[in-house]
Amino acid sequence: MRTNRLLIVALILAGLLAPAKEGRAQACTALGQTPATAFPVCGSSVFSQSSVPPCSNGVVPAPTCSGDGVTYFDLNPYWYKFTCFTAGTLGFLINPNNHDDDYDWELFDVTGQSPDAVFSNAAQVVASNWSGLTGNTGTSASANALYECASSRINGRITNPPIFSKMPTLIQGHQYLLMVSHFSGSDQSGYKLSFSGGTASITDTTPPAMSSASPICDGSRIRIALNKEMACSTLAADGSDFVLSPLPAGVKIVGAYAVNCAGFALDTLVVVTNGPLSPGDYSITTRSGTDGNTLLDICGTPVPVGQTAIFHMVPPGPTPMDSIAPVGCAPDVLQLVFKKEIECSTIASDGSDFTVQGSTPVTVIGAYGQCDTGNRTYRVMVKLSAPLVKAGSYRIFLAPGSDGNTLVDECGFLSPPGSLPFTTGDTVSAKLMTDQILLGCRADTIIYQYPDADGVNQWQWIFDGTDTSRLENPPPRIYSVFGTKNVQLTVSNGYCSDTLNFSPLLGNAIKAGLEVPNILCPKDEAGYLNKSTGDLNSFTWDFGDGSGFSGATPPSHLYPLTGIETVYTVTLIVGNAIGCYDTAVQSIDVLRSCYIAVPNAFTPNGDGLNDYLYPLNAYKADNLTFKVFNRFGLMVFESHDWQQKWDGTFHGDRQPAGAYVWFLQYVDHDSGKPVFQKGTALLIR
């Protein structure tokens with residue numbers, strides 16, 4: 001049950017509960033089970049996971065569920081990455097191999113962000129479903145909400161949200177991560193994931209191809225860049241997917257390997273020869289390798305046989321800084337990119353190879369590389385003394401460091417001193433939003449606005465968990481049902497983001513209500529109870545007899561003696577400070593008499609006149625007992641409710657005409673004194 005999600009996950013992560021086939025739950029290390037190694041997918045294939053190894057990377061944000069007290073984990077996950085090539089809605093289905101399994105999922109927009117930002121940036125969440133129901137899940141055109149939270153227990157009953165969520169709208173050119181989490185526990189039987197039903201396209205129809213080829217150092221290695229990601233498994237390790245021309249004497253292709261094959265896909269590879277290349281022009285051409293194919297993209301489309309890339313071999317030279325990776329929010333680490341691999345041992349760990357100058361003073365305090373198994377890297381990380389939290393322009397400089405050199409590339413050349421520019425953005429605050437509440441009698445209007453500040457250019461509003469807007473100033477929200485509303489705003493300027501949850505109160509609902517006695521005896525005073533609700537400042541009473549009162553609590557009221565039964569209509573009109581009013585109405589029946597008496601005769605013939613024998617007007621009789629006896633002393637009727645009447649029968653048999661003795665006993669409601677009466681009544685037929 002999802003109500004125990006936090007406890008169960010905590011115990012699993014602590015190793016106190018052991019998932020099936022594993023001694024303890026652990027951090028995810030298998031390919032595809034972390035955001036950084038997500039499976040690349042396209043919309044034209046069905047992706048099958050035969051099993052789901054138990055692990056977890058940690059907590060993921062569930063912004064629309066923040067008030068339910070549940071912590072949401074990517075428990076036993078697989079991650080999938082894709083790009084939107086045509087904007088529209090995303091339809092997908094997760095079909096468990098065991099339909100008693102509970103699968104959850106969450107979709108993130110990770111455009112321009114590190115994959116691991118999904119664990120901290122709530123603004124990336126696009127849609128989710130954490131329902132505790134088992135079986136198929138995903139998105140549906142008939143679903144009502146983009147976000148479904150965990151199942152909950154209310155007053156001892158389990159409430160399960162729908163297992164399908166509304167199809168989210170994807171943005172063309174944006175990158176997405178889909179997390180599929182298996183919550184069910186020990187049964188890791190797997191599932192199938194398919195994409196259909198939506199209008200968006202996540203299938204890259206660009207024909208796969210080589211983008212460029214370039215020699216590395218002496219040309220014994222040739223780096224090939226691809227125009228899109230290809231499946232790592234389709235690269236022949238012996239290099240037979242490629243032909244080199246012209247082929248120098250004694251030189252041949254002997255192998256090929258992927259560069260940074262992040263789990264399943266590569267976009268760069270290296271073809272290896274058994275010797276160097278002399279200066280000149282060369283071409284490298286694709287062919288079907290010993291594995292029976294050329295390279296295949298994620299959707300299985302091959303690079304055409306016979307495609308050629310031209311490169312020029314020149315004597316190798318130094319490698320300058322090429323570029324700086326996009327700078328995020330309040331950066332305290334800069335990422336430098338080089339065209340050739342850098343020897344990690346030549347990076348001064350104190351950062352003295354680098355200095356930064358710009359809008360605000362900043363000091364470099366360290367540097368390191370993202371080093372591969374050969375202790376080389378294309379990326380050098382430069383650590384700053386403090387985050388850059390203001391928008392500004394900067395430049396990073398490379399010069400010899402405390403180790404006496406700059407950086408040494410894979411060919412043994414020193415990188416020349418140089419510099420690269422970069423810019424930063426302001427940190428942002430969602431708290432800058434304003435809301436103007438316009439109160440009305442039948443409906444309230446709230447106008448939300450966000451000022452032009454800190455370069456904010458993205459807004460996501462979520463109203464009461466379902467209604468959304470991506471406008472800076474969304475259309476006014478009109479509410480006919482008053483009370484507390486739940487609003488979430490996430491803002492971003494492309495560098496930084498911030499999320500605010502707040503609950504505006506529409507407290508102007510008013511409701512008139514009153515309580516009066518339904519029946520009143522003559523000379524009894526009527527008491528009036530005001531049961532109205534809301535922020536009220538006016539009360540107008542009409543007692544129905546020409547008199548009234550202005551105020552919240554009216555005094556008791558004595559109605560005039562008319563000698564006949566009279567019904568009075570009591571009206572209460574309440575109002576508030578903005579001129580809204582509501583009315584409540586109730587009737588009081590003032591009786592002609594409350595004198596208790598038993599008739600001396602009755603005629604049970606069904607004509608509606610004197611058909612029954614009972615104590616009349618016994619409104620003020622407590623603990624009443626009324627009994628009737630025939631002339632032989634047999635009790636033919638007994639009642640403890642004065643409105644239960646004798647119809648002249650006994651066990652369904654009509655009793656003969658004649659005199660009957662009755663006994664009446666009760667306690668007077670006003671005086672508390674016991675009363676006992678007896679007499680006779682004539683049954684006439």
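What is the torsion about the S-S bond of Cys441 and Cys580, and is the disulfide left-handed or right-handed? In this predicted model, that torsion is about -95°, so the disulfide is left-handed. The sulfur atoms of Cys441 and Cys580 lie 2.0 Å apart. This pair links distant parts of the chain, 139 residues apart: Cys441 sits in the loop between strands S32 and S33, and Cys580 in the loop between strands S48 and S49. With a relative accessibility of 48%, Cys441 counts as partly exposed, whereas Cys580, at 3%, counts as buried.

I turn next to Cys521 and Cys594. Their disulfide has an S to S distance of 1.8 Å, and with a torsion of about -95° it is left-handed. Cys521 lies in the loop between strand S42 (519-520) and strand S43 (525-526), while Cys594 belongs to the loop between S49 and strand S50 (601-602). The two are 73 residues apart, and both are buried.

Cys344 and Cys371 form a further disulfide, with 2.0 Å between the sulfur atoms. This link is left-handed too, at -120° about the S-S bond. It connects the loop between strands S26 and S27, which holds Cys344, to the loop between strands S28 and S29, which holds Cys371; 27 residues separate them. Cys344 is buried at 11% relative accessibility, and Cys371 is partly exposed at 35%.

The count for the model comes to eight disulfides, taking sulfur pairs within 2.5 Å. Finally, which cysteine sulfur is nearest to that of Cys84? It is that of Cys42, 14 Å away. Because the cut-off is 2.5 Å, Cys84 is in no disulfide. Cys84 is buried, at 1% relative accessibility.

Notes: Residues numbered from 1 in each chain as written. Predicted model: local features only at pLDDT ≥ 70, side-chain atom pairs only at ≥ 80, totals over all residues. Heavy atoms only, no water. Helix = DSSP H or I, 4+ residues; strand = E, 2+ residues; numbered from the N terminus. Buried < 20%, exposed > 50% of the residue type's maximum accessible area, 1.4 Å probe, protein only.
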